[in-house]
Amino acid sequence: MLRRILKAQNLMDCACRKLGRQLNIMEVCGTHTVSIFRNGIRPTLPKSLKLLSGPGCPVCVTDQGYIDVTVELAKRDDVILATYGDMIRVPGKSGSLEQLNRSNVKVVMSSDEALNLARENKDKTVVFVAVGFETTTPATAVAVGQAADENLENFTVLSGHKLVIPAMKALLTDKNNKIDAFLCPGHVSVIIGSDAYKTVLDDFDVPCVVAGFEPMQVIEGIGEICRQIYKDDIKVESIYHAAVKPEGNPTAQKIIDQYFEAFDGPWRGLGNIPGGTLRLKEEYAQFDAFKRFGIDQVPTEELNGCKCGEVLCGLIDPPQCPKFENTCTPDTPIGPCMVSSEGACSAWYKYGRRR
Ligand code: SF4
């Protein structure tokens, strides 16, 4: 193992020397961010190699307007709001779901639990707060299919599902960003496959390397990026062979395509990303909570001076936000990046304050 670490570190040194400036690598996935901090990887990297935490935490990238919609829906007596746990602590303009403290807000672990709520409460409309990337979307799609089969008219989905590739392209299109390479997400890549990143490579010619979450896998992923830069061998590479195939999971992709379509929906900090958000197809409109309740999706400014948007784009590190550690802590979060266990602000607070 030591030999592998030394080899990766040597490649990092070579790439940094060759570039002659700071090398910026974005880890797209929140799970990578946590692994990097928890395992103390950052302090072992060359000083001129900077890791940027990207838009890979589903709760964090969910637009402020979407959060506000969930709070407004939860105020309705005819609604049961079924949501994953982290979402209830994200502040909206009139407080968080947790602060609302209503019994019709139910924390669920899966879309299946939300379906059960609909079956058991036919006099209410269940709104499933569906956030996440390609990893969680198939389960939402299956739930919609199940609701259609059962003619479960009181089940709806508030789709905030997102697609990773459009976000990576949006980041590279923005000239403010100085991203040299991507450490691509592991879980998402299981679904979309490593070949999916070829379109990023074709358009922007940056290294895209898929790695697992163990510390050695992360270090070797960064090492492979550096090898590509040092050797002028820029390409898509996966070193997560145990889980990621070039073609991904066609069954999961098919079910996403059956129920959802991409549109230019809002992301926190990134605005409307072309083709970056998923909504239910017209034939499943009866299960679309946005349509059922006549809600438009528009990008909304962040609240209370929170800089999550800049953090998610890799433009600042969390300690550069004036509220970090002062008024914003995991116990008193101002933005989602401090709420979510996969958020960059939370990771910096827990593990990374010394660097
Ligand atoms: Fe937002 Fe808090 Fe992070 Fe600042 S420290 S960007 S206020 S979540």
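Here is a short tour of a sheet, its helices and a ligand site. Keep in mind that this is a predicted model.

Four of them make up an open sheet, arranged in the order 4-3-5-6 and paired in parallel. Strand 4 (105-107) and strand 6 (155-161) sit at the edges; each has a single partner strand, so one side of each has no neighbour in the sheet. On average, neighbouring strands here are turned by 25° against each other, direction ignored.

Zooming in on one pair, strand 5 (residues 125-132) runs parallel to strand 6, and the two are joined over 7 bridges. G132, for instance, has H161 of strand 6 as its bridge partner.

**Helices across the sheet**

| Helix | Lies across | Angle |
|---|---|---|
| Helix 6 (residues 111-120) | strand 3 (79-83), strand 4, strand 5 and strand 6 | about 170° to strand 5 |
| Helix 7 (residues 137-149) | strand 5 and strand 6 | about 160° to strand 6 |

**Around the ligand**

Now for the ligand. Which residues come nearest to the ligand? Of the 14 residues around it, they are C306, C321, C328, G335 and C345. Helix 14 (308-312) and helix 15 (336-339) are the elements that each give two or more residues to this shell. What is the shell made of, by class? It has 11 nonpolar residues, 1 polar residue and 2 charged ones.

Definitions and conventions:
Residues numbered from 1 in each chain as written. Predicted model: local features only at pLDDT ≥ 70, side-chain atom pairs only at ≥ 80, totals over all residues. Near = placed C-beta within 6 Å. Helix = DSSP H or I, 4+ residues; strand = E, 2+ residues; numbered from the N terminus. Nonpolar A, V, L, I, M, F, W, Y, C, P; charged D, E, K, R; others polar. Pairing = 2+ DSSP bridges. Axes fitted to C-alpha atoms, helices over the stretch in contact; angles between N-to-C directions. Contact = placed C-beta atoms within 7 Å.
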